[in-house]
Each structure stands twice: as C-alpha cells, then as structure tokens.
Amino acid sequence: MNVTLAVKQYISKMIENSGPGMKVLLMDKETTSIVSVVYTQSEILQKEVYLFERIDSQNRDNMKHLKAICFLRPTKENVENLIQELRRPKYSVYFIYFSNVISKSEIKALAEADEQEVVAEVQEFYGDFIAVNPHLFSLNLSGVARGRSWEPTLLPRTTQGLTSVLLALKKCPMIRYQLSSDMAKRLGESVKQIITKEYELFDFRKTEVPPLLLILDRSDDAITPLLNQWTYQAMVHELLGLNNNRIDLSRVPGISKDLKEVVLSAENDEFYANNLYLNFGEIGTNIKNLMEDFQKKKPKEQQKLESISDMKAFVDNYPQFKKMSGTVSKHVTVVGELSRLVSERHLMEVSELEQELACQNDHSSASQNVRRLLQNPRVSEMDAVRLVMLYALRYERHSSSILPGLMEELNRKGVSEKHCRMVTSMVEYGGKRVRGSDLVNPQDAVAITKQFFKGLKGVENVYTQHAPLLQETLDQLIKGRLKDSHFPYLGPSSLRDRPQDIIVFVIGGATYEEALAIYNLNRTVPGVRIVLGGTTIHNTKSFLEEVTLTAAAGQAERLQRAGGHPNRR
Amino acid sequence: MASSYPPPFEGTGEVKEGFLCPLCLKDLQSFYQLQEHYEEEHSGDDRHVRGQLKSLVQKAKKAKDKLLKRDGEDKPETGSYESFYYGGVDPYMWEPQELGATRNHMDFFKKHRAARIDHYVIEVNKLIIRLEKLTSFDRMNIDAGKIRAIEKSVVAWVSDSDVPFCPDCGNKFNLRNRRHHCRLCGSIMCRKCMEFVPLPLAYKLTSGTREARSVTGSQSQSQSPPTGGGGNVSGMGSRRGSISSLSSVTSMLEEKDDERIRCCLHCMDTLMKRQQKLEEKDHVPDIVKLYERLRLCMDKVDERAPEYIRMAESLNAGETTYNLDTAGGLRMEVQKYYELIDALSKKILTLGMKEEPQPHQKTLQLQRMVRYTATLFVQEKLLGLMSLPTKDKYEDLKEKRKQEQEMRLTQERLIAQVAQKRRQDSEKNRPAASTNGEAPQAPRAPRMTKAGGWLPSSDTLHTCGELEDPLLQQIDNIQSFLRQAKAAQRHDEVAMLEENLRQLQDEYDQQQTSLAIALSQRLAQEESLQQDELQRLEDREREHRAQSQAPGSQATYTWQGSLNLTDIGSLHGEEEGEEEVTPKAESSPLSMRAFPALTDQDEESPPRLRRLRGDVTPPGGEGQNSSSLNPFEEEDSTPVEDPSNPFFEEIQKEHKEVANGKKEYNPFEQEEGGEEEQGQAEGATGNPFEVKEENNEGNPFKEASGCTPPGASTNPFEGEDEEAMPDVDVIEEELLLQQIDNIRAYIFDAKLNGRLDEVELLSENLRELQRTLQEQKSKTH
C-alpha cells in the first residue's frame, strides 16, 4: 500500500528489463510527471538512462546505439506517435510500457508498424498516477466538475487513474461512495465496470478482509482547502505551491539562480522527510539546529588550518559538508520565504480567525473579528476573500448573518469583482444545500469533552485546531460506524469486518491537511492502512480556481437549459 | 576482533530468547530495535563482527518468519514489529511490497508482427534478387534492346493499357507524360514519380547474395562494375543472353540506363531501409566503445572500493587483519580507475566537438549526461575513500588497540572466572537435569507460544545455563525446530532448517576460532611477562629475523605450530559436543577454551608489541615511512615519490600503455581538451594541477624511470637501509602529502561542479599545506 514504491518498482523493473547499455526514456507529458515525482535525475542516471525525451518531440536524432524505454499513457496520440516512431526507428530496441489498459486493435496497429523488428517488449505497467507521498496520490486533473456532474472527458481519465492505483497496489476493492454526490456514484460505477471487464487483471490473491475504496466529493468539505496550513508540506503548498514536488521560488526577492526551482522530495531529502508533518514552530527549531550543525562543519575562510590534525579534520568533514550545503541552503531559503510571507500577510492573525470560524460556534465574536480583519489594510485580498467565504459557509443560514455587510466591506477594500463573485460560487459549491454530512458542527457531547481534555493538556495548537471532515469519516469507517445510508456500498455485498486496506479518493481534489490526517491515522491505528488520493492536491488558490471553473460550467449549463425551454414551447 | 566478544552470560538458569543483543544480551523485542540498539551502543566495536552478527540475526529472523508464516500465524500482515509497539505503521515503514500488476502483450504483438514481417521480408528479398539479376551483366556493352529484354525477363511488366493514370500522383499518361516501368516490381509510374537506384548502391545491396552465389567472389564490394564485374557477369549474362531475343523497336526510344536502374518510389523506399540496416549492422560508434570501457572501470571500482574501505577502516582502527602495503596498493589501483573514468568520460564529452558539422544537439546532451554521471560516480565514491594511516601512525594505533584489548581481556577473564564458578555451582545443584532432560528447570519466557510455530522444545532446556552464546541459543532453537519438523514430517521445512543450522554453525565455528585466538593472545601476554630477560632478548632476535624474511606473519610458528593444531582440533570437538547437547562438553567450555591459549599466541600480537618496545633501538625503526629517503632527493622529486599522486599514476599508466603498444589516448591531451570546462576555475586560483602537470608533462617517462621504482618506495626495509635514523618531522610528511592528495581530489570535484568559492577555499588550504611541507623540508634539510 505504498504508492511511491509501487511506481518506483514499475520504473526500475522497466529499466532492469532492458539490460545494460545506454538508454533513453521516451515519455509523454503526463508520464514525465509520474516518473519525475518518484525519481531524481541522478538516481535514474545511475541506471544508465541518459536521455529523457518526449515521444511527441520532433527534435530527436537517430541514435542507434541507444535502447529506448517507452513509458506512455495509452492515448490515441501516443499510439499514433509511436507508430510513426516504429516505422522509422531512431533507436536500436524499443521496450514499450503503457501506463494503462490498451486495446488489442492498437497493439495490432503497432505490431504492423514494427517492420524492422525493433520492439522487444510490449507491456502494461499500471503507473498511471502521481505518487506524491507513500500514502498520497494525485491525478493532476483540475476542473473535473461541471456544476454537479462530471466533465465528460475527465470521468474516463479519472477512472483510468483510479483503477491503475488499484492495479499497482494489487487491490480488488469493495466500493463505497458518498450518496449526496452523483459524481461519486458515477465514478464508483465506472470503476466497478472496469473491474468487471478486466476481471483477469483484478484476480489477486484474496485477503481475509477485502480492501475498500471510498469515494468522496470535495463539495462535502469546502472548508479544509480554505484554511491556512502550518505543517511544512502543507504550508509550502499553500504559500508557495508544490507542483509534482517542485516549488517555484523565482518570485522570491533576491533569490539566487540555482534556487529558482527546488525539489522537495521526501525520498532523498532527509531533512524534508523528517519535517514533512511538523509544524512551523518545530521546523524553525530544526532548521536552526541544521544551520548550527552546518556551521560546525563548514570550513571557515578565516580559520587557520594550523596543525595537521586541523587539516585532517577539514578534509574528513568536507564530503559531509558538501552534501549538507545543498540541503541547508534549500531549506533555509524555503523556510525564510515562508516566514516572510507569514509576517507580510499577517497570517498568524488570519489563521487564528480561520480556525475560530471553522471550529468554534460563536457568531458574534466571529463576525466582529472578520469585520475587524477586513479593515486591516495589510490583510491580502485573497485572505480577506477566504475569511468571508469561511464565514459564509459557516453561518450560511444564521439568523443575523452579516454576509451582505461583509461583501460591502470587501468592495470597500477594493477586492476585485471576480473574487467577490467567488464567495457566492463557493456557497453554491459547498453550502448546506449540497452537503451530505454535517460539516461544521459534529460537536456532540463527546466531542466537546474531548476538546476540553485536549485543551487541558495544552497540546492543542490554536492554529491547528481544525481536523478535516475526512478524519471523522475515516474514524467512523474504521470503527464500523459509517452509516450505509450516507455511504452506501456499490453492489449487493457489504463489509462486515473492520476494514484493513482503505483507499480514499476525493473527487475535486484532496489537501495536504488531509494527507497529514491520514498519515496520523496510519501511525496510530494498528492494522489499518490507508491511502489517500484526489483528482488533484489543492491549496486555497487552486481550490478557488476549481470552484470557479465548476460554477462557470454549471451556470453555462443552467443557462442553456433555461434558454432551451422557451424554444421548445 | 574476537576480543570484543561478549562477557559470558551468567547462568542463572533463565532462558533468554527473542531479539537479544549479541553483545550485552539485552532483550530488545524487535529486530529493528535490536539493530538500532546495536548501532547506538556498540557502534564502536569492530565492524566485522557486527556485520557477521547482523547477517546472523537476519538469518535467524528469516528462518523464524518463514516458520511463523507457514504455520498460519494469525498475526495480521500489518502487525509488523512496529505496530505492536507504537500502535500503527508509518507509511515509510510499510512492509516490502511486490511489483504491481502487469500485463504482457508481447505474444499478441509478435503474432501480428510475424505475419507482417514475413510479408515484408519476402518483399525485400524479392527486390534484392531481382536487383541482383538486373546488375549481374555488363550494362555498358550490351545494346539497349537486349537490356530491355533481360529487364522484362526479371519481372513481368504491367501492360501499358491497364494503367491510364500514374498510380502515385494521379496524372494522366499521354505522349508527353509517358509511362515508365519499375524494373523491380514491373509497375508503371510517371517520370516525376520515378526513382533510380545507382549501380554502386545496387552492388552494395546485393553483395550478400552475390557472395553466397559466386564462388569466386571476385567483386563482392566492387564500386566499379565495369572492371570488377567482368568475370562474373560474363557467366551470368550469357545465361540470360540466350533468352534475350524479344527486343521491340519502341524500346529503342527510351533512354538507356547505363549506370542506374529505374524503380518506383515504393521499391526505392524499401531498398533504402535495407541499406540503412546494413550500414548499422556493423557500425559501432566511438561513444559506445568508450562507454563500454567506462562501465568496465566503474564496475571495477564498485568491486574494489568496498574492499579498500574495509581495509582502511580496519587499519585505521589499528587492526592487523590487513597489510598496510596491500591497502596502499589497492588504493593506488582504485585511484587509477578514477583517473581512467575521468579521462574516458572527458573523452566522451568532447567526442565530435571539433568536427564539422557539429553533432546533433541530442548527441551532445547524451555525452554531457554520461560525463555528468561519471562525475557523480567519482564524487560519490572517491570522496568516501578514506586515507590510510602512515606507517608510524599505524604502529601507534596498533599499540593503542592492543592496550585496549588487554584491558578488556583482563576484565573478561575475571568475569569468566566468576561465571565458571557459578556454573559449576549450578551444575552441582541440578544433577537431575542431565539425566532427565524433560525437567523444566528454569522459568521460560513464553515468547513463542503465540506464534504456534515450532517452539524450542523443552528438551533443550537443560542447556540453558551454559549457552552464554546467543549463537548457540539460535542453534539450539533451530535444532529443536528441526526435531519437531521431522516429527511432523515436513520435509521441506526440515531442509530449510538444516540449511539454516549449517549457516549458524559455520558462523559459530568462526567465532569460536577467533575467540580462541583472542584468549591465546591474552595468555601469551601473561606468559611473555613471566619470561625472563634472556628469553625475551632471544625472542626479539628471532622475531626480527623472521620478520625480515616475512614481515608480520607468524613469527613463532616453529615452536608452537604442532600444539596449535591439536588445540584447534580439540576446540572443534568441543563445539560439536555442544551442538549435540551433551552436558559434559558444556560443563567446561571455559576450561577448554583456556587451552588453546598457549598456542597461537604469537601469531600476531606479541611480536609487534615487542617490536614497539624495541623501537628505541636503531633497528626498530623499520616502521619508517616511505618518504624518508635522502632529503636531497626529495627536493627534486617530491611529486613523483608520493605514491598517491594522481599524476604519478598517470605517468605510470601512460608508461604502461605505451609498453603495451596500445596508445589509445593520452591523458594529458584530455586534460587540455577538458580545459575549456575547467578554464574558469583554473584561471582564478592558480590551479595546482596545472603546475604539476607542466612539471610532469615534459618528460613523464624520464621521471617514471629515472626515479626509484614505485615498489621500492613502499618497501620499509629499503628505507631502513638507506637511512637508519628516523626523523619525526619527515614522518609527518607522508601525512601531509596524503592530505595534499585529498585536497586535490576535492578541488577536482569542486571544479567539476563549478563551485568556484570552494575551489578558492580549497586551493588556499592546499597552498597552506604546501608551505608547511616546504618548511618541513627545509627543516630536515
């Protein structure tokens, strides 16, 4: 149940299959991301893969001394490109791997193009997803919904991605979906259909308790992606944007040339791996330690190397120093930029209010605080909008809602029309009307006592009070208390035992806060393994874009329908 | 290394099982915790022992795991060891995972390809055969009509009336746009769509079949058909000439194709593909050749470097397992490979750079990537290559270690004595145990009961007190598993267990032997203390003699050899006894162990001790380092003397290569070639490399040959002969040289990565060092 490992194994198997000698890896746009997330260039270079090419690139030379490993999605364009490639082969041998199921007719077409017998292997290796963390995958698809239904082209694509995860992990699951979401049901059915169709592929060794696929819809919890984050990975994504484990730092003032884009991969960055899920305060301490450690190792310019032993110590430490210097400069830059943004945008204050909005139930204090912060000129447009959104979602039907007042406040602040409209879109997307479960107030007596105890212990951090709805859902699922009426099974059979292997998929995108929750569940609940996936991994910015897209498409559809009616009459 | 062996476990009658630390016998519950504990607590101990034990623990664990699984252990899969103790599993720790699902389409693919290929191959062969027929006569000297007839005989021409339009471009045929026939397939096309196969190409394409046919093979690759083709053609041509009676008048209107053969686009395309394939078949590009050599070097380094690191670690710890000279030799060898890797990859990088036109951008990229990988490789491996201690330092280290071992051994002995006493007591207390093996004497930790696998059955219980060795415990456990498995008639498991048992016993044998050696060393020291003055002097003299013959090897072999053997034998006997679980043998393992002591004592240690003591006397200065040659000579040729100087090796290498007559490339040439890349850094810092280079470049051979041969510089005895008095300052010089060497490696690396600031810093250090070296030299001078 480790998605990163699954993809890594696929890729190293591909390379292994091709034997010794210089190799080129032929990919398409999407498989390039898939590979680059799990392997660094130097790792893959060590496996004698020296060139990385796009199958659609015209600028490729004849290199008959190279072996080609093709890792491609089975799309029409790729097959067409490959046929052209095989007609006039540029490399000596081709090892072809498709990342998903490919039709017989396409294989036949390829076979007929291979007149020079250069193809040595044609296989399906189901690495059709981006393995972000060992327990987190993404499909990098945005704008999957049009209103309340699937964007037609993306349903098959999502199905492919999800089934490839199942195949890579060798799981043939039972499926549960969120009843309130039609999209979840459609996806579930679509996955089920594939499992039935490709029953030979899904014929894995039966486990005592069958694995479970739980399909959820983002619209059920629109609050989580709107919150500021304080754990390293989530924070980096929220403030700087993680794309396939890469961050673009080019906008950072005074950035040096080689730090414009940095890779944050837990696979080969020890510091990152250790601090991925720690909060900002802890990272601060750790980075200080890292610096100090580094200073100790760093050979100083003015330091006289007087004795031989000084010299020897220097030489001995040098390799470590070199290795460290890269890590240190990277993380110092990233953390430095994070803290600059935090203070520039008053994120501590903003976040505190966000958490209050999300977790507490005191309308008067909340409305006062929102108003006060909106008047603060240093709170950014984006943060102002998200506060209003949170307020709107939280107190949507409150009798004395001050939402209109807040909207005015936004206008006065000079927030663009586009952003103001987003507030409405957001309520439309994730408001009460849509929600299947009670998002904001799961506070029964037990929960209140729990919180009370947490408060007593003093472990509760005011900035990380919020626990995503997903955590609650999974908790119930593991305890066997998740209601069939809200999350029905697809098909007649249902799971009687406590689930062991769970794959959660969030249509409309997961978040790193949820990934953290899953990570903690994995660590604390024995015997349960959970993998989280989403059509994408959201931060607030991307989430707002997704909602805008969804709303716009939905509106267009509605307008069409509305316009269609009079014509019919 | 054996002396780091655990203090014997006090036999209180308690059985310890599970993941015990082999050194302190602490129960650590899980394999991972044990490993962690081991790394934390005993990391100072000898690596070798650790490696052995680690593998042992793994073996034992594997065996257990297998057993547990086979017996349908109901532990959930996720319940790996962590989950029991921390409640859950960190995703990073999830157990090994098999490769995900795959599906192979190759059979289906092949089936369809085969059909296609058959068709294609037939087509190609048909064309080639026809082409051969068309070119097998002398076109120059036969008149057009005859040619036409021959051509028509090769393939039936499509009749003109059937084809009103050109099938390729669709233009209508008429008087101006006349029909042309493809001589290879007989089809019709217009002038525009017509292609020609030049005769040279035709000859080339058909050379294969031609060779096969013509026994004479006079003109297989001939580029000039009229001369070369003569003999053969006459034979073939005459055969066809007999058919060539039908020559039409109209054909005379057509141009005569003297040196080319008309064909259609499609045939031409097929022929071109064929030609390309032929060309590629035998062509191996330079980059491939170089690359293969590069990989070879890398493989060698992968093979050699760990060996060297092991040696260097051992030597730096003051052990005597390896010889310093051998390690030095290995270091040189590995460094030579690094130089070679660097040179080869540089060569690859600059391949075709000077050619016009420049190679394709992707070719250059490939070359850059290969070079980059080689750099990474060197960087990773070379920087981990630790330096060796100098001779004197090594002696110090050895002495230090000796002292440590002595201390530990005395402690151990004390403990052992106490333990033995107790054992004897306990032996007395329970005579029943030996007669009635079933009687459970000690409370046993019920660790395995959950498992439902083979339990170490109670009949092994009576051994508990004596088995202070975790290895023996494992052996015992496995033996009892074995018995149970046999009883249950599970033959496959029996086989597996037996295999495990054998491995464990081997391990144990090894340990016992080394234990015996250690104990003997200790006793030897005691003995040596007791020996009177005279004896000692005698000894020293003899050792000295022995050493001058074979340094560092079994000096006292002669007078104790025989005893030695028997004792080892008895030791083995003892082990077997233990393995068979006979109480008698176990009752006195210690006393048995005390014996061998007398024997191989002098194999390694005491001579060295004494030699160190003898260091005060002039002849003891054999530990002298290699560079303590005549100071005058040093002034002139320092860089050459330093055995680890890369240029020294280059010189050697070159020397060798010239000798072998394969002067394939010159490292200095590449140095220049790579200058572009390095130029920046070198310009900025007054690169020491460059200086050295110039020094050596002029006359590498002269230096290499004019100087003392490399072997001599590492031979301590020669140094001793040349100069009797050791000089403290000079001794440090080797260390200095080594450091200089290291720094050069770093500079090299830093430059490759374009880290100019580091280069500067390093060069600063280098200068500093060189200054120190100079000072030292002037002092000695």
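A polar contact is a pair of N or O atoms within 3.5 Å; within protein, one must be able to donate a hydrogen and the other to accept it, and residues adjacent in sequence count only if both atoms are side-chain atoms. Between chain B and chain A, 25 residue pairs are in polar contact, both at pLDDT 80 or more.

This is a predicted model, where local features need pLDDT of at least 70, side-chain atom pairs count only at pLDDT 80 or more, and totals for chains, interfaces and linings use all residues. Residues are numbered from 1 along each chain as its sequence is written, chains are lettered from A and ligands numbered from 1 in the order in which they are written, and side-chain values use heavy atoms, leaving out hydrogens and water.

**Where the chains meet**

Contact (heavy atoms within 4.5 Å) links 69 residues of chain B with 87 residues of chain A. About 7300 Å² is buried between chain B and chain A, with carbon and sulfur atoms giving 59%; this is the accessible area (1.4 Å probe) that two parts lose on being put together, summed over both.

Now to the salt bridges, each a side-chain nitrogen of Lys or Arg within 4 Å of a carboxyl oxygen of Asp or Glu. Over all chains the count comes to 44, and between chain B and chain A it is 10. Here are two pairs:

| Salt bridge | Closest N and O atoms |
|---|---|
| Glu53(A) with Lys362(B) | 3.3 Å |
| Glu30(A) with Arg73(A) | 3.9 Å |

Glu30(A) lies in helix α2 of chain A and Arg73(A) in the loop between β3 (67–72) and α4 (76–87) of chain A, so this pair ties together parts that are 43 residues apart in sequence.

**Two helices of chain A**

Helices here are DSSP runs (H or I, at least four residues), numbered from the N terminus. In chain A, the axes of α1 (residues 3–17) and α2 (residues 29–38) come within 9 Å and cross at roughly 110°. That makes α1(A) roughly perpendicular to α2(A), a label for angles of 65 to 115 degrees. Thr4(A), Val7(A), Lys8(A) and Ile11(A) of α1(A) make the contact with Ile34(A), Val35(A) and Val38(A) of α2(A).

Key: Axes are lines fitted to C-alpha atoms, for helices over the stretch in contact, and angles run from 0 to 180 degrees between N-to-C directions. Angles under 35 degrees count as roughly parallel, over 145 as roughly antiparallel, 65 to 115 as roughly perpendicular and the rest as oblique.
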